[in-house]
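Hi,

Here is the structure I promised to pass on.

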Amino acid sequence: MITRMILVRVPAERASEAEGLWKRECAPLMIQQKGCLSEQFLRSRETPGEFISLSTWENQAAVDAYRSSAAHKEIQKHSRALMNVSKVEVKSYDVAG
């Protein structure tokens, strides 16, 4: 299993917009992808405007298929409006043990 963490930082005044966009447009597309086992959108308790998309995937092939899918392109399209004011960092982790 692979867990992907996408850290997103947006200006605090756009946090509600970012959260709504992810819940309405992005998360539903991601969770429908073959090999996506779970997806959560976490809001920082300490830093307004900071979020983490935490998704779990069956394997790297599932992640790769998703990254080249129409759903991924659609997610990128939906989030472009925030991209010019946000910072995004993607990290992948193997489940240990």
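Which side chain meets that of Arg43 in a salt bridge? It is the side chain of Glu19, at 2.5 Å from N to O. A salt bridge here is a side-chain nitrogen of Lys or Arg within 4 Å of a carboxyl oxygen of Asp or Glu. The pair links distant parts of the chain, with Arg43 in strand S2 and Glu19 in helix H1, 24 residues apart.

Before the rest, some housekeeping. This is a predicted model, so local features need pLDDT of at least 70 and side-chain atom pairs count only at pLDDT 80 or more, while totals for chains, interfaces and linings use all residues. Residues are numbered from 1 along each chain as its sequence is written, and side-chain values use heavy atoms, with hydrogens and water left out. Helices (H or I, at least four residues) and strands (E, at least two) are DSSP runs, numbered from the N terminus.

**Salt bridges**

For the classes, buried means under 20% relative accessible area, exposed over 50%, and partly exposed in between (1.4 Å probe, protein chains only).

The count comes to five salt bridges. Among them, Arg14 and Glu17 meet through their side chains at 2.9 Å, N to O, and Glu17 is partly exposed at 40%. Another joins Glu74 to Lys77, with the closest N and O atoms 3.6 Å apart. Being three residues apart in helix H3 (residues 70-83), these two are separated by about one helical turn. Glu74 is partly exposed at 28%, while Lys77 is exposed at 52%. Salt bridges that share partners also join Glu19, Lys23 and Arg43 into one network.

Phe41 lies in strand S2. Not counting residues up to four places away in sequence, Phe41 touches Ala18, Glu19, Trp22, Phe51, Ile52 and Ser53; contact means heavy atoms within 4.5 Å. The C-alpha atoms of Phe41 and Ile6 are separated by 9.4 Å, with the two residues 35 apart along the chain.

Thr3, in strand S1 (residues 2-9), is buried at 17%. Leaving aside neighbours within four places in sequence, its contacts include Leu54, Lys91 and Val95.

Val95 itself comes in the segment after strand S4 (87-94) and is partly exposed at 43%.

Gln33 lies in the loop between helix H1 (15-31) and strand S2 (36-43). At 18% relative accessibility, Gln33 counts as buried. The Gln33 side chain reaches the backbone oxygen of Leu29 at 2.9 Å. Beyond its neighbours within four places in sequence, Gln33 is in contact with Trp57, Tyr66, Ser69 and Ala71.

Tyr66 turns up again in helix H2 (residues 60-67), where Ala62, Val63 and Tyr66 are buried. Seen down the axis of H2, the buried residues fall within an arc of 100 degrees, so they line one face of the helix; the arc is that of the directions from the helix axis to the C-beta atoms.

That's what I have for now.

Cheers

Definitions and conventions. Polar contact = N/O pair within 3.5 Å; in protein donor to acceptor, adjacent residues only side chain to side chain.
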